[in-house]
Amino acid sequence: MKLKQVSNHCYAVINEKNRLGDANSGLINLGGGVVIDTQFDLPHARQMIEKFSTVWMGMPKQVVNTHEDADHVLGNQLFAGAEIIAHRSVPGRMKEVADPAEIKLLLWAIRFALVRGILKYLHPGVLALGQQMAEDFDFDGIELTFPTTLFEDRHALNLDGTEVQLIHVGPGHQMGDTLIYIPDENVLFAGDVLFRACTPIGWTGTYAGWYKTLDLIVKLNPAVVVPGHGPITDVKGVKEMKAYLEYVRELAKTFFDAGYPSVEAAKKIDIGPYANWSAPARLWLNVERAYREFRGEAADAPWDRKKAFNIALKIAKAQGFPIEF
Ligand SMILES: [Zn+2]
C-alpha cells in the first residue's frame, strides 16, 4: 500500500497488487478531514489510517463510501463517531453484498484438505478465489458499520470553503456508485466506475449507464482521477476503460448473434489490447452482462457469484490467462 499526494489537499492510498479486494482510498485534509472508502479488512484499514496520519493529525471526521461493495466499506467501524456518507441505497445493499460472514467461513474452511478436495470438485473457482484472498486478507473482527448520512442524487461538503461534490451515478458498477469531485483541486475520486490496469467488473446497471458516467468524468475534465482499483490516472484512463467496455460489448454481440453461449464467447474473445490488464478472466462477467441486455433481462438481476468465479476460472484455463481474480 502506497500513499500518494495527488493535489494540494488530496491524497490516495493505492493497493498495488490490484487483485480482487485491493481497493484504493482517498483523503482530503481540509475541514475535519474526509476519508473516501475504508478498505476490505481491518488490517488494511489500519494501514491506510497510519499512512493518512502522516498528512493529517487525528482521525478524520467524515467518511464517504463510494458504493456498497465490501472492499470499500469494511473498515468503516474504525472511524468511531465520524459522519459516514453514502447514497441512500448503500445500507440496504451492504447487507446483501458486503457481509463478510460467508467469505470469512470460506477462508477458514479451506485450511482443511478435505474441504479443499470437495471444493476443487464442486466449485474450483471459489476455491481458487479463496486461496488468493487468504494470501492477503483477514476478516476477523469486522462489524458491518453503516453510513449515517444518506443522500439522493447529490450532496455537497464545504471544507473550509473548498467545495466537495458527491454525485450519484449508479447503477453502473454498483447501485450506490458515487463520484467525489473537488473542482478547486482538479481531482476526482471515481470509486469502481473506474478500474485501471485491471479488468473491470460491473454488478448492476447497463453498459449505456456506465458509458454515461465515464463521459461525465471526461466532461468534468479533472487533472487527476483516482480509480477504485489500480494506479492514479486522468481522463485518458477513463477513455481507455470505456474503450474496453465497448470492445467487449461489440464482440459479445457478434457471438450472441451467432448463437454462442456467453461461456463459449468468453473462451473465444481475443482481448488483444487489454491482455496486460490483471484479472483478465473477469471477461466472462462483462460478456454475460452484455448477454443479459441482449436477452432483454433486468440489468440488476442478482448474480450467482459462486458460478461466476467457477466460470471465470474455466475461461482463464481455456484462454491461457493467469489464474487471478
Ligand atoms: Zn472495489
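The following is a conversation about how terms are applied to a predicted model.

Colleague: What kind of model is this, and how are its domains assigned?

Modeller: The model is predicted. The domain assignment gives domain 1 as 2–96 + 144–231, domain 2 as 101–136 and domain 3 as 243–319. The centres of domain 1 and domain 3, taken over C-alpha atoms, are 27 Å apart. Their contact takes 16 residues from domain 1 and 16 residues from domain 3. On the domain 1 side, those residues divide into 9 nonpolar, 6 polar and 1 charged.

Colleague: Why are β1 and β2 said to pair, and in which sense?

Modeller: Pairing needs at least two bridges between the strands. Strand β1 (residues 2–5) and strand β2 (residues 10–14) have 4 bridges, in the antiparallel sense, so they count as a pair. In one of these bridges lysine 4 has alanine 12 of β2 as its partner. The two strands form a hairpin, with 4 residues between them.

Colleague: What makes β2 a partner of β3 as well?

Modeller: The cut-off is again at least two bridges, and 4 bridges join β2 to strand β3 (residues 25–28), running antiparallel.

Colleague: Why are β8 and β12 called edge strands?

Modeller: They belong to an open sheet of 5 strands in the order β8-β9-β10-β11-β12, with mixed pairing. β8 (154–159) and β12 (224–229) each have a single partner strand, so one side of each is left without a neighbour in the sheet. The twist in this sheet averages 25° from one strand to the next. The partner of β8 is strand β9 (residues 162–168), antiparallel over 6 bridges. Arginine 154 stands opposite isoleucine 167 in β9. Helix α7 (residues 207–220) packs on the sheet, touching β10 (178–182), β11 (187–195) and β12. The direction of α7 makes about 160° with that of β11.

Colleague: Why are α6 and α11 called roughly perpendicular?

Modeller: The range for that term is 65 to 115 degrees. The axes of helix α6 (residues 124–136) and helix α11 (residues 305–319) cross at roughly 90° and come within 6 Å. The angle falls in the range, and the two are therefore roughly perpendicular to each other. Among the residues that meet are Pro124, Val126 and Leu129 in α6 and Phe309, Ile311 and Leu313 in α11. By class, this contact has 8 nonpolar, 2 polar and 1 charged residues.

Colleague: What makes up the contact of α10 with α11?

Modeller: Helix α10 (residues 283–294) and α11 pack at about 115°, with axes 8 Å apart. Leu283, Trp284 and Leu285 of α10 meet Ala308, Ile311, Ala312 and Ile315 of α11. By class there are 7 nonpolar, no polar and no charged residues.

Colleague: How do you know whether aspartate 37 is buried or exposed?

Modeller: Buried requires 20 or more other C-beta atoms within 10 Å. Aspartate 37 has 30, so it is buried. Aspartate 37 lies in the loop between β4 (34–36) and α1 (42–52). Its phi is positive, about 70°, although it is not a glycine.

Colleague: Why is alanine 197 called partly exposed?

Modeller: The class lies between 12 or fewer, which is exposed, and 20 or more, which is buried. Alanine 197 has 17 other C-beta atoms within 10 Å, so it is partly exposed. Alanine 197 is in the loop between β11 and α7, and has a positive phi of about 60° although it is not a glycine.

Colleague: Where is the cis peptide bond, and what is its omega?

Modeller: It joins glycine 170 and proline 171, with omega about -5°. Proline 171 is in the loop between β9 and β10.

How values were computed: Residues numbered from 1 in each chain as written. Predicted model: local features only at pLDDT ≥ 70, side-chain atom pairs only at ≥ 80, totals over all residues. Axes fitted to C-alpha atoms, helices over the stretch in contact; angles between N-to-C directions. Contact = placed C-beta atoms within 7 Å. Parallel < 35°, antiparallel > 145°, perpendicular 65-115°, else oblique. Nonpolar A, V, L, I, M, F, W, Y, C, P; charged D, E, K, R; others polar. Domains from an automatic or database assignment.
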